[in-house]
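I opened the model to go through its overall form first and then a few elements in turn. My entries follow in the order in which I looked things up.

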Amino acid sequence: MRTRPVRAVLSALGIAIGVAAMVAVLAIPASSAQALHDRLAALGTNLLVAAPGQTLFGKPAKLPDEAVAMAKRIGPVTAASALGLTSQTVRRSDRIPAEETSGLSVFAATPDLLGVLGGQVRAGSFLDAANQKFPVTVLGSEAAARLGIDHIDPAKPPQVWLGGRWFTVVGILGPMPLAPEVERSVLVGWDVAKALLGFDGHATTVYARADESQVDSVRGVLGATLNPASPDQVNVRRPSEALEAQQITDNSYSALFLGLGGVALLVGGVGVANTMVISVLERRREIGLRRALGATRRQVRGQFLAESVLLSGLGGLVGVLVGVLVTAGYALSQGWPAILPPLALAGGVGVAALVGAIAGAYPAARAARLPPTQALA
């Protein structure tokens, strides 16, 4: 290894790549899972979302006007709010054609919506009792990006063309993982939506927060409570389950990449075995001299096996370091905590050493069987 460093490095490179891939594949999902756990802990897993389904004749169903008030009557429900979809479109200017909506929806909302969703205002302020009856609007994070609005100037706030008139933008919301529909929405006050936008007052989405221990129970009765006449026309879901399902999908992809890392490690092991076989052929005189001076077959076998294990072990150590750097860099770019499972770190070096032992077994046995006279000839 000392006299032929380039060959040693190239031989260990395959091991290092395989171990780095395996460490990163195990550590990055662990970091993602921890980030998801932290996010759900902050947002809460006790949010339920109810929306009208369809009638027996295939037409869109409607929730009663008092749907939110009825949801609040459920004992374990701690808070409830709603969104109401309007038929209006929003544009950055009245010069933009009406059909170019950027895929944004206009919803009526009440001031308590932000508290129920656990959202935050990134700039400006949310709807409140003072402004909800006036032509003002709050933009979701993605809606603001599509409209080209990234800040609120109190002296000259931006405006958007909505429902045939100008609405003043008073706030921009931060991301809402549990309510992605809000991120792509433009929110106006409930009363101004009815007065200026032709809103009929029917909620199209009801959000309810319940006690953690009673979420499943509330989920079972929420549909019947919101629409007693047709409970089967209400769809109830738990947004946190969608995020958890996404994590499961990510883990399935991780298993695939883990297998690819194993293949890279196998290829690296073949490279180490090839290097050791060549080394035995090149060092026949050394082997013969050692045997002639009294070295046993076991000692010769142990020498080459130790070299193979050391070569693979160093490759594994480098692979672990690379995997740690890749994990830390990716987690930092995503805003996740960098989680490094001890099993992955120790296992990376251990698996590399095991591969080295297996790869070096045949070359070591071949060196040990070489007769001294033949080796020195």
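The model is a predicted one. By that count I found 12 helices and 11 strands in the protein chain.

**Overall form**

I checked the radius of gyration against the globule rule. A compact globule of 377 residues would come out near 21 Å, but the protein chain has 33 Å. I then took the extents of the C-alpha trace, which spans about 105 × 45 × 35 Å along its principal axes.

I looked up burial next and noted that 44% of the 377 residues are buried. For the accessible surface I have about 18,700 Å², with 61% of it belonging to carbon and sulfur atoms. I also looked at contacts with a sequence separation of 6 or more: 79% of them are between residues 24 or more positions apart.

**Strand β2 and its partners**

Which strands does β2 pair with? I traced strand β2 (residues 77–85) to β10 (residues 205–210), to which six bridges join it, and the two run antiparallel. One of the pairs I noted is A80 with its bridge partner A208 in β10. Strand β2 is also joined to β4 (residues 105–109), again antiparallel, by three bridges. There I found G84 opposite A108 of β4.

**Helix α7**

I compared the length of α7 (residues 215–226) with expectation. Its 12 residues should span 16 Å at 1.5 Å a residue, and the end C-alpha atoms are 16 Å apart, so the two agree.

Which residues of α7 are buried? I listed V215, V218, L222, G223 and L226. Viewed down the axis of α7, the buried residues fall within an arc of 130 degrees, and therefore they line one face of the helix. On the other side of α7 I noted D216 and G220 as exposed.

I then asked what the buried residues of α7 pack against. They pack against β1 (47–52), α2 (67–72), β2, β10 and β11 (234–237).

Helix α10 (residues 297–334) has 38 residues. From first C-alpha to last I have 55 Å, close to the 56 Å expected at 1.5 Å a residue.

I picked out Q303, which is found in α10. Is Q303 buried or exposed? Its relative accessible area is 18%, and the cut-off for buried is under 20%, so Q303 counts as buried. Leaving aside neighbours within four places in sequence, I found Q303 in contact with R283, E286 and R290.

**After α10: G335 and A338**

Just after α10, I noted that G335 takes a positive phi of about 75 degrees. I followed the chain on to A338, in the loop between α10 and α11 (342–368). A338 has 43% relative accessibility and therefore counts as partly exposed.

What does A338 touch? Not counting residues up to four places away in sequence, I listed S31, A328 and A331.

Terms used: Residues are numbered from 1 along each chain as its sequence is written. This is a predicted model: local features need pLDDT of at least 70, side-chain atom pairs count only at pLDDT 80 or more; totals for chains, interfaces and linings use all residues. Side-chain values use heavy atoms; hydrogens and water are left out. Two strands pair if DSSP finds at least two bridges between them. Helices (H or I, at least four residues) and strands (E, at least two) are DSSP runs, numbered from the N terminus. The expected span of a helix is 1.5 Å times one less than its number of residues. Buried means under 20% relative accessible area, exposed over 50%, partly exposed in between (1.4 Å probe, protein chains only). The arc is that of the directions from the helix axis to the C-beta atoms. Contact means heavy atoms within 4.5 Å. The radius of gyration is taken over C-alpha atoms; the globule rule is 2.2 Å times the number of residues to the power 0.38. Accessible areas come from the Shrake-Rupley method with a 1.4 Å probe; for residues, only the protein chains shown count as cover.
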